[in-house]
Structure formats: C-alpha cells, structure tokens
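Trainee: Can we go through this structure together? I would like to start with one residue and then move to the whole chain.
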Amino acid sequence: MNQPLLVTASQKAGPRWTVAIGAVVLLVLLALPLLSLLPDGHGLQVSAYTLTLVGKILCYAIVALALDLVWGYAGLLSLGHGLFFALGGYAMGMYLMREAAGDGLPAFMTFLSWTELPWYWAGTQHFAWALCLVVLAPGLLALVFGFFAFRSRIKGVYFSIMTQALTFAGMLLFFRNETGFGGNNGFTNFRSILGFPITAPSTRAVLFLMTVALLVASLYLGWRLARSKFGRVLTALRDAENRLMFCGYDPRGFKLFVWVLSAVLCGLAGALYVPQVGIINPSEMSPTNSIEAAVWVALGGRGTLIGPLLGAGLVNGMKSWFTVAFPEYWLFCLGALFILVTLYLPKGVVGLLKKKGEQ
C-alpha cells in the first residue's frame with residue numbers, strides 16, 4: 001500500500017524546502033491584492049482583471065483539492081463536483097441579488113412578472129443565512145446521494161456515471177425560469193456585499209485574501225487527514241476495499257464523510273467565486289466542467305494534494321490564453337492533454353517530479 005505522495009515527497013525533500021517553497025508562493029499571493037490597491041499608472045499595480053483571473057483559478061484549485069480527497073484518496077471518481085460548486089455559488093448569489101434589489105424583488109423576477117419571493121428565498125437577505133446555505137445546500141445533497149449510493153455499494157464507473165447524471169439533472173432544473181434561479185442567465189449585476197461596493201478595489205482585495213485563506217485551510221485540512229489514521233484507511237479503501245472489510249472496517253462511513261466534506265469545500269469555493277467573477281448561471285453545472293476538474297487532478301497527480309493545485313493552475317492558465325488566441329481549438333487541446341496524461345503521465349506532474357528526483 002503506497003504512502004501518500006505528498007508525505008513521501010516531503011520526507012525526501014526535507015521539511016525546510018517544502019516550507020520555503022510554500023511560503024514563497026503564499027507571499028506572492030498575499031502581495032497581489034496589496035499591489036492591486038496601488039494608484040493607476042504605477043508600474044507595480046496589478047490590474048482588476050489579473051486579480052479576478054487569479055482569484056477564479058484559486059477557487060478552481062479548491063475544487064480540484066476537494067475532488068482529490070474523494071478520487072485520489074478514496075478512489076471515487078466524481079464527475080459531478082461542478083454541481084456542488086454551483087450550489088454554493090447560487091446560495092451566495094441569492095444574497096447578492098437580494099442586496100442589489102433592496103426592498104423589491106430581484107430584477108429577473110420583476111421581468112417575469114412575479115409578485116412575491118418563493119418560499120426557499122426566505123431569509124436570503126441575511127448574510128449569515130446565506131453562509132449557512134452555502135454549506136447546507138451542497139452538504140445535504142451530497143449526504144443524501146452518498147448515503148444511498150454507498151449503501152448500495154455503487155462504485156467504479158457506475159458511481160462516475162451517476163454523479164454525472166446528477167449534475168446534468170441539476171443543470172436542466174436550473175435552466176427553467178419557473179424554478180426561481182434566473183433561468184439561462186442566472187444571477188448577475190451584483191452591486192454590493194455587506195454594504196461594500198462589490199467592484200471596489202478594496203472589496204476585491206478582501207475577497208481574494210479570503211480565497212487564499214480558504215485554499216490554505218483546505219490544504220492544511222487535507223494534509224492532516226492524509227497523515228492521520230483516517231487517511232490511511234482511505235488509501236486502503238482505494239487500493240483494497242475487500243481486504244479492509246475483512247479487517248472489520250465498514251467503508252460506507254469513511255466514504256460518506258470524505259464525500260460530504262469534499263462537497264462542502266466545493267460549495268465554499270463557489271461562494272467566493274461568484275462575487276469575484278460577477279455571475280453564476282447553470283452552465284457551471286455542466287458535466288463538461290466536472291470533467292475538466294478531473295483533468296486538473298489527473299494532470300497534477302491524484303492522491304498528492306499539491307498536484308491538483310498545480311493541475312488547476314496549469315490548465316486554467318492555458319485555457320485563459322487559448323480562449324483568447326485560439327478559441328476554436330481549446331476543447332481539442334483539452335482532449336489531447338487528457339489523452340497524453342493518461343498514456344504518459346499516469347501519476348501526473350508531481351509523480352514525474354518525484355521520479356526525476358529519485359533518479
């Protein structure tokens with residue numbers, strides 16, 4: 001049974017190098033929002049576009065880390081994590097739409113001639129309740145789905161297909177105008193959050209710093225889980241589930257816990273994504289987005305924690321460039337990248353670096 005690659009790499013490279021590289025990256029990320037507050041025309045100023053782009057990639061990195069917990073450690077390939085990400089985003093978007101509308105109805109409801117808010121919008125004008133929804137919406141859905149799926153011992157490709165069907169059903173539901181979530185257009189035209197202008201440089205800087213804090217906290221949580229007995233049980237579950245059951249462990253509880261935790265992390269990432277990007281719509285639930293998340297993890301190296309962060313940064317950086325320079329070729333590039341990783345980099349970038357280090 002293999003040790004988690006992050007632990008093995010840290011032991012070989014030494015804690016000093018690991019801490020030093022992590023500290024440098026963290027300092028750069030912390031410097032970006034401060035540099036964005038510099039006056040226009042300053043040579044070191046970071047533009048609002050750059051800050052938003054990096055913040056969006058960091059949110060995607062949290063999703064990749066969450067997927068790595070269930071796929072890399074528990075062996076559960078989910079193709080539906082985009083649904084949990086979008087649910088967290090919609091929960092935050094409901095609050096932002098209520099704050100933009102003031103005492104009236106959100107703009108899209110007025111356009112559809114609605115006269116009152118649906119019952120499930122109750123309390124969304126309060127930020128505290130919105131935060132509860134950010135956690136409860138993806139968490140409860142993952143709990144219910146995971147309870148029945150794991151009780152039925154669904155795993156492998158069948159589990160992947162079911163998660164993909166779940167996110168596709170969610171996308172179709174949210175596309176309908178009568179569901180009360182903005183239909184095809186979703187939520188946009190946000191004005192403020194907690195009374196602060198959402199487009200103000202200071203607000204963008206705070207949101208970016210909160211994203212960095214969530215990423216660091218998620219990474220630390222994953223690292224502690226990987227080093228604990230729980231993490232060793234997860235890797236045993238991934239590599240030899242039948243042997244684990246023979247030893248007296250019930251895998252359903254372990255699967256359910258890490259599955260719900262992963263969904264909640266995705267919801268929190270979605271909640272930070274929406275105010276920074278300024279829009280949330282059903283396309284975020286597209287199965288294509290969930291498949292992309294699997295590509296991030298595979299490219300970086302699943303079961304490593306650090307690898308998915310690298311994969312999310314590399315793929316989304318390439319996507320930002322390709323969609324501007326060669327927009328019609330991006331999907332071909334993504335497909336070719338996934339094929340190459342599957343054939344020649346089964347352990348991802350981190351696995352390749354580890355192999356080079358051993359040589």
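**One residue, then the chain**

Mentor: Asn316 is found in helix α13, which covers residues 306–325. Helices (H or I, at least four residues) and strands (E, at least two) are DSSP runs numbered from the N terminus. This is a predicted model, where local features need pLDDT of at least 70, side-chain atom pairs count only at pLDDT 80 or more, and totals for chains, interfaces and linings use all residues. Residues are numbered from 1 along each chain as its sequence is written, and side-chain values use heavy atoms, with hydrogens and water left out.

Trainee: Is Asn316 buried or exposed?

Mentor: Asn316 counts as buried because its relative accessibility is 5%. Buried means under 20% relative accessible area, exposed over 50%, and partly exposed in between, with a 1.4 Å probe and protein chains only.

Trainee: What does Asn316 touch, leaving out residues up to four places away in sequence?

Mentor: Asn316 touches Ile57, Tyr60 and Trp296. Contact means heavy atoms within 4.5 Å.

Trainee: New topic. How many helices and strands are in the protein chain?

Mentor: The protein chain has 15 helices and 4 strands. Its radius of gyration is 21 Å, close to the 21 Å from the globule rule for 359 residues, so the chain is as compact as a globular protein of that length. That radius is taken over C-alpha atoms, and the rule is 2.2 Å times the number of residues to the power 0.38.

Trainee: And how much of the chain is buried?

Mentor: Of its 359 residues, 48% count as buried.
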